[in-house]
Amino acid sequence: MAPPSAVDPERATNGDTKPSNAVSHEPGISESKAKVQMPKFPGPPKFTDKYAERDYLKGRLALAFRIFGKYGYDEGVAGHITMRDPVQPDTFWVNPFGVAFSLIRKSDLIQVDHEGNIVDGGEVRLLNAAAFMLHSGVHKARPDVLCAAHSHSIYGRSFCSLGRKLDMITQDSCSFYNDHVLYESFNGIVLAEKEGNDIAACLGDKKAVLLQNHGLLTVGSTIEAAVFWFISLEKCCQAQLAADAAAGGRGHETVKIHDEDAAFTYKTIGTPHAGWFSAKPLFDVIEKECGTDYLQ
């Protein structure tokens, strides 16, 4: 369905005034001009061998940490990304506590069950208790989630101190239209199973949660999507902080995108497939920069 801004298209030179929704970023364009449509996205590889899938995904998870390190999302030992194991779905892989994101290799990752036991992994078998409590609750509550990402990024944690959700003020923010929530509580480091479960319950079926006074958490059906949603949400927080400050300094408010337009835009850039595809350039670049080191 075309957005409301498409109801009064300008008359085309050939007299064709029929509005079209074929080109999602050009609402109201005439049918005769709607020739270039959004291509069909490629998708992640599919596996019949679960062990081969595990090996591939562990490599992608190692790259995800390298991306977080490059973007400066590491601060001390805080932050974690987890991946559900395709062979043993009631376990997940996570970074070992105290190993720098930018150095993580596939062989460093540790496998953890839902009781907090380390069942496999690299030489450093230290488990971040907060990582376990937070991510275990999400993975148990959301069988559709392959990956969950959390870190104390500067703009995310700044925005989370405001106790509010994002406004729809940019095209990018529409990726999170009706698809993010606010967890309105802070009880210190997540070391209790109940709080991990409470956060998972608050997240519900959404792809992102703003943890008040804490930071961002994003999830995805692919590692790539979860990572891209985190990066995009961090930048949306940065954009809104800047826009609110600029508007407030002039005694104004930011211009909000209409609900119908935000919902329409979400269908193009907010889907799981779009998240995977949007992350592809990030993973391609970091893979080129890292060579084969991350696969060790």
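Guide: A charge sits over a ring if NZ of Lys or CZ of Arg is within 6 Å of the ring centre and within 35 degrees of the ring normal. This is a predicted model, in which local features need pLDDT of at least 70 and side-chain atom pairs count only at pLDDT 80 or more, while totals for chains, interfaces and linings use all residues. Residues are numbered from 1 along each chain as its sequence is written, and side-chain values use heavy atoms, with hydrogens and water left out.

Visitor: Over which ring does the charged end of Lys-58 sit?

Guide: The charged end of Lys-58 sits over the ring of Trp-93, 4.1 Å from its centre, and that of Lys-207 sits over the ring of Trp-229, 4.2 Å from its centre.

Visitor: How is a pair of aromatic rings described?

Guide: Such a pair is described by the distance of the centres and the angle of the planes. Rings of Phe, Tyr and Trp (its six-membered ring) pair if their centres lie within 6.5 Å, and planes under 30 degrees apart count as stacked, over 60 as edge-to-face and the rest as tilted. A search of the whole structure finds 10 aromatic pairs. Phe-68 and Phe-101 have ring centres 6.4 Å apart and planes at 55°, so this pair is tilted.

Visitor: Are Phe-68 and Phe-101 buried or exposed?

Guide: Both Phe-68 and Phe-101 are buried (under 20% relative accessible area, with a 1.4 Å probe and protein chains only).

Visitor: What are the distance and angle for Phe-176 and Trp-229?

Guide: Their ring centres are 6.0 Å apart and their planes at 75°, so the pair is edge-to-face; Phe-176 and Trp-229 are both buried.

Technical notes. Buried means under 20% relative accessible area, exposed over 50%, partly exposed in between (1.4 Å probe, protein chains only).
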